Amino acid sequence: MKIIITTTLILSLIIIGAVSVFSQPSKNNFMTSELNKIEHYLIHRDSLNKEVSKVAVGWHLDHSLKVINGICDSLQISNPEAYKRKFNIARTFSFTFGFIPRGRAQSPKSVLPPETIKTDDIVSQLAIARDKLDNLEAMDDKSNFKHPFFDQLNKKQAKRFIEIHTRHHLKIVKDILKE
C-alpha cells in the first residue's frame, strides 16, 4: 500500500512539474517584473543584514544577473542535437514548488560577483539581461546548458530555472531589507 501511495505521489509531482515547466509566460512578459525589481533594489545595494545573508543586496543583484546572462550565453552556443532528456528528482521538486533552499548550494565561480561591486556594472548587466531574455524565444527548443545540480536543461527548463533562481535571490533581498 505504501508503494502505491508513494508512486502516486511521485507521479503527481512529476506531472505538476511538467505542467509548470512547459507553461511559461510569453516572450514579452518573461522576467520583466523580476528585472524591474532588480533595478528598483539598486538603491539598496549596500544594505546588509547578517542574520539573513552574509553578503549585501548588491551581491544578490549582481549574482542574479550573472546567472541570467551566463545561462543565455550557454543556451546560445549549445548544440541542440546534444540535448538528452533525463529525469532529475531535485530538479522536479525545485521546479514543481518554485523553490531553492537557502544556504545549501555553492555558486560556480563564473557567476560569483567580484569583491567590489559597482552600480554601473549592475546597470550594464541588467541591460544585457533584458536583451538576452528578449532573444531567448528565437533559440531552438533543445538549446541547453548543464546545471551543476539539475543536470542538462533545455530552453524551457532553463527559463524556469532563471525564474526560480532570480525570485530566490529577490526574496533574500526583501528579507535583508525587512520588506
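The model I am presenting is predicted, so local features need pLDDT of at least 70 and side-chain atom pairs count only at pLDDT 80 or more, while totals for chains, interfaces and linings use all residues. Residues are numbered from 1 along each chain as its sequence is written, and side-chain values use heavy atoms, with hydrogens and water left out.

Let me begin with the core. A nonpolar core here is a set of buried Ala, Val, Leu, Ile, Met, Phe, Trp, Tyr and Cys residues joined through side-chain atoms within 4.5 Å. The largest one has 36 residues, and the members that touch the most others are Leu35, Leu61, Leu65, Ile68, Ile71, Leu133 and Phe161. Two or more residues each come from α2 (32-41), α3 (57-77), α5 (119-134) and α6 (155-176), where helices (H or I, at least four residues) and strands (E, at least two) are DSSP runs numbered from the N terminus. Helix α3 gives the largest share, 9 residues.

Phe161 deserves a slide of its own. If we take contact as heavy atoms within 4.5 Å and leave out residues up to four places away in sequence, Phe161 touches Val67, Ile71, Phe95, Ile100, Phe145, His147, Phe150 and Leu153.

That leads to the aromatic pairs, for which rings of Phe, Tyr and Trp (its six-membered ring) must have centres within 6.5 Å; planes under 30 degrees apart count as stacked, over 60 as edge-to-face and the rest as tilted. By this rule there are 3 aromatic pairs. Phe93 and Phe97 are stacked, at 6.3 Å centre to centre with 10° between the planes, and because they are 4 residues apart in helix α4 (residues 89-97), about one helical turn separates them. Phe93 is partly exposed at 34% relative accessibility, whereas Phe97, at 54%, is exposed.

Now to the charges. A salt bridge is a side-chain nitrogen of Lys or Arg within 4 Å of a carboxyl oxygen of Asp or Glu, and the structure holds 12 of them. Which parts of the chain does the bridge between Arg167 and Glu34 tie together? The two side chains meet at 2.6 Å, N to O, and because Arg167 lies in helix α6 and Glu34 in helix α2, the pair joins parts that are 133 residues apart in sequence.

A second bridge runs between Asp151 and Lys86, at 3.6 Å, N to O. Here Asp151 is in strand β2 and Lys86 in the loop between α3 and α4, 65 residues apart; Asp151 is buried at 16% relative accessible area, and Lys86 is exposed at 52%.

Conventions: Buried < 20%, exposed > 50% of the residue type's maximum accessible area, 1.4 Å probe, protein only.
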